[in-house]
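This report describes selected features of one protein model, taking individual residues, helix packing and sheets in turn. Please keep the sequence and the structure in view while reading.

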Amino acid sequence: MQYHRNGFRAGDPDILAPGPRVHDRSAGLPRAVDVLIAGCGPAGLCLAAQLALEPGIHTMIVEPKPGPIEKGQADGISVRSMEMFGAFGFAEKISREAVWINETTFWTPGGAGIQRVARVQDVPDGMSEMPHVLINQARIHDMYLDIMKNSPTRLVPDYGLRVADLVVGTEGEYPVTVTLEHTAPGREGETEVVRAKYVVGCDGARSSVRRAIGGALHGDAAHHAWGVIDLLAVTDFPDWRMKAFVRSEAEGTLMVLPREGGHLVRLYVELDRLGEDERAADRGMDDSHIIAKAQRIFAPYRLDVKEVVWWSIYEVGHRLTDKFDDVPQGEVATRAPRVMLAGDACHTHSPKAGQGMNVSMGDTFNMGWKLRHVLTGRAAPSLLHSYTEERRAAAKGLVDFDHEWARIVGAKTHDDKAGELPVVAQAFVHNLPFTCGLTIQYAPSALTGGAAHQALAPGFDLGKRFHSAPVIRLADAKPMELGHCIEADARWRLFVFAPEGDVGQPGGPVASLCDWLEQDPASPVLRHRREGDDIDAVIDVRAVFQPGFRELDYGAMPALLRPQGGALGLRDYEKVFCVDHKRGVNIYDARGIDKARGCLVVVRPDQYVAQVLPLSAREELTAFFGGFLV
């Protein structure tokens, strides 16, 4: 972590100096903003935290509730989301607070009631350095809110406001006119108008923003009610602190999800089938019905509930919008999006796969750096078309998966065979890469190259997230994960993997590439950098060498890997790494990197692999960045 870059700073390094775009809240609502976000759920706050870190962007986020949530809602954090949290700097805090899901157990009818028939490791070895965890959604909100509050823009939500309507115009700097309605007691129904360059609807399945741009959710409902309840209880069920799938003979299915704090547990409990036109609310069910059903499913084990913390009854539904922005398909070539949707506003599904919050945050992690590029003039507004192209495909994959998973989990009977894992367990194991959040793969586009050189590093799949591995940082011999140097700062990364025999010497492959990147006018590092910018303001170049750290000389490394920057021209000591021979995980072996030739891996600001290229691919590199950066 670097925080003395522009001079000594005392105190909490996470509290950044205020910038020029801090809104004076005593003056009331702003009349115009760069981005207006509707909704303070995980998607909205993930986006707001990214935009808040850009000093020149004026962001507003509104929420109809009177303040932050405290309990309930989603709880599952996939390993992919934990990797993303690392970019924001709070993965370690979440890891400490949360409960880790290490093992999943499966129970089926047998004996006097139910019996455990299988145990499965929840996250297979080698998938990620991050764990799968469960924690109250409110704590995730807190992390984003802290980033916003401590950012250069000092962004805080405007609670008690909802988007009532919006109109997208064609002229002016702020073409979107947004009508906001107050929801606070005493002000209900009062409206105010704010103009915006962009509006992002993260306002849930009944999204006003989606309705205003003519969008609709399409799909189906399973006509099945499920209850979800957070409780404190005493039980003799032995897997109370494990993730568990429990299916009884006559009473249906439930899932056990241990929660943070050592005692709290969440249950998802199958309730009743619903009629074709019936809603769960029509049955008048409450937490007592959820508890009674859970007690019957657990029998003969006892469940003595001491406190109900939160509960809800929901219906399984799988729906998706046609488009995640306001531009009709026939007009994509002539205008860029001004309004975009994320999270439940554009895709809904059951919570049993634990993907809703994760995919919603993935939506806006994809969107955030693109908005920053456009609003800071780094890229043309047409870049925003890639948001719908990439994230709708990801959401469709989720909806399709969830449809099948909900069917398997909710089935009354399974064709389980003696000596084999139960059907649910087999499906669970098969789907682990998906539930870990690691199967999203963006198709080839201006932002994701083709696979012509994939063989140079088959472990860094084009279009998939950058799969980290252990390395040693050369300057201070610190063992770390290479992927942890990717921060949520909207910068691109070039990871240069040196071939055998290259120790950074002049004239070697790495030094030649670095010299070209630093000095040649065709270099994307120079072409897309503004006067006065640090050399790594847009594209951050880092290198990994094959010898151990005691065999390399930091002072002999190419100048681009030892750049000076900031107000004082201080040197950056964090761009050179080598293989971690001590821990026994060689990143070249782990990711299949060609040791003889090395390679160049281009990583997007959202941690997805954009290109794998030879170290000599100068023209390809220039053309790639020239395809979207100004």
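## A buried phenylalanine and the basis of the model

Phe401 counts as buried, with a relative accessibility of 10%; buried means under 20% relative accessible area, exposed means over 50%, and partly exposed lies in between (1.4 Å probe, protein chains only). Phe401 belongs to helix α8, residues 385-410. Helices (H or I, at least four residues) and strands (E, at least two) are DSSP runs numbered from the N terminus. From Phe401 to Phe434 the separation is 33 residues in sequence and 8.6 Å in space, C-alpha to C-alpha.

The model is predicted: local features need pLDDT of at least 70, side-chain atom pairs count only at pLDDT 80 or more, and totals for chains, interfaces and linings use all residues. Residues are numbered from 1 along each chain as its sequence is written, and side-chain values use heavy atoms, with hydrogens and water left out.

## Helix α2 against helix α7

Two packed helices are described by the angle between their axes and the distance between the axes. Helix α2 (residues 79-88) packs with helix α7 (residues 356-375) at an angle of about 45°, and their axes are 10 Å apart. Axes are lines fitted to C-alpha atoms, for helices over the stretch in contact, and angles run from 0 to 180 degrees between N-to-C directions. The angle between them makes α2 oblique to α7. Angles under 35 degrees count as roughly parallel, over 145 as roughly antiparallel, 65 to 115 as roughly perpendicular and the rest as oblique.

Contact means heavy atoms within 4.5 Å. The residues of this contact of α2 with α7 comprise six nonpolar, two polar and one charged. Here Ala, Val, Leu, Ile, Met, Phe, Trp, Tyr, Cys and Pro count as nonpolar, Asp, Glu, Lys and Arg as charged, and the others, Gly among them, as polar.

## Helix α2 against helix α4

Helix α4 spans residues 137-149; its axis and that of α2 come within 12 Å and cross at roughly 25°. The two helices α2 and α4 are therefore roughly parallel to each other. The crossing of α2 past α4 is left-handed. Met84, Phe85 and Phe88 of α2 meet Ile140, Tyr144 and Ile147 of α4 in the contact. The residues of the contact of α2 with α4 divide into six nonpolar, no polar and no charged.

## A three-stranded sheet

Strands β3, β7 and β4 form an open sheet in the order β3-β7-β4, with antiparallel pairing. Two strands pair if DSSP finds at least two bridges between them. The edge strands are β3 (76-77) and β4 (99-100), each of which pairs on one side only. Strand β7 (residues 133-134) runs antiparallel to β4, and two bridges join them. Val99 is placed opposite Leu134 in β7.

## A seven-stranded sheet

A second open sheet has seven strands in the order β20-β19-β25-β22-β21-β26-β27, and its pairing is mixed. Its edge strands are β20 (478-481) and β27, each pairing on one side only. From one strand to the next, the twist averages 30°. Helix α11 (residues 509-519) packs on the sheet and touches β21 (492-497), β22 (539-545) and β26; the direction of α11 makes about 155° with that of β21.

Strand β21 is largely enclosed by the rest of the structure, because six of its six residues are buried. Both of its faces are covered, with Trp492, Leu494 and Val496 buried on one side and Arg493, Phe495 and Phe497 buried on the other. Six bridges pair β21 with β22 in the parallel sense, and Trp492 has Ile539 as its bridge partner in β22. Five bridges pair β21 with β26 in the antiparallel sense, where Val496 stands opposite Leu600.

## Pro605 in a loop

Pro605 occupies the loop between β26 (599-603) and β27 (609-613). This proline is buried, with a relative accessible area of 4%. Not counting residues up to four places away in sequence, Pro605 touches Phe365, Trp369, Ile486, Glu487, Ala490, Arg491 and Trp492.

Conventions
Left-handed = near helix turned anticlockwise from the far one by under 90°.
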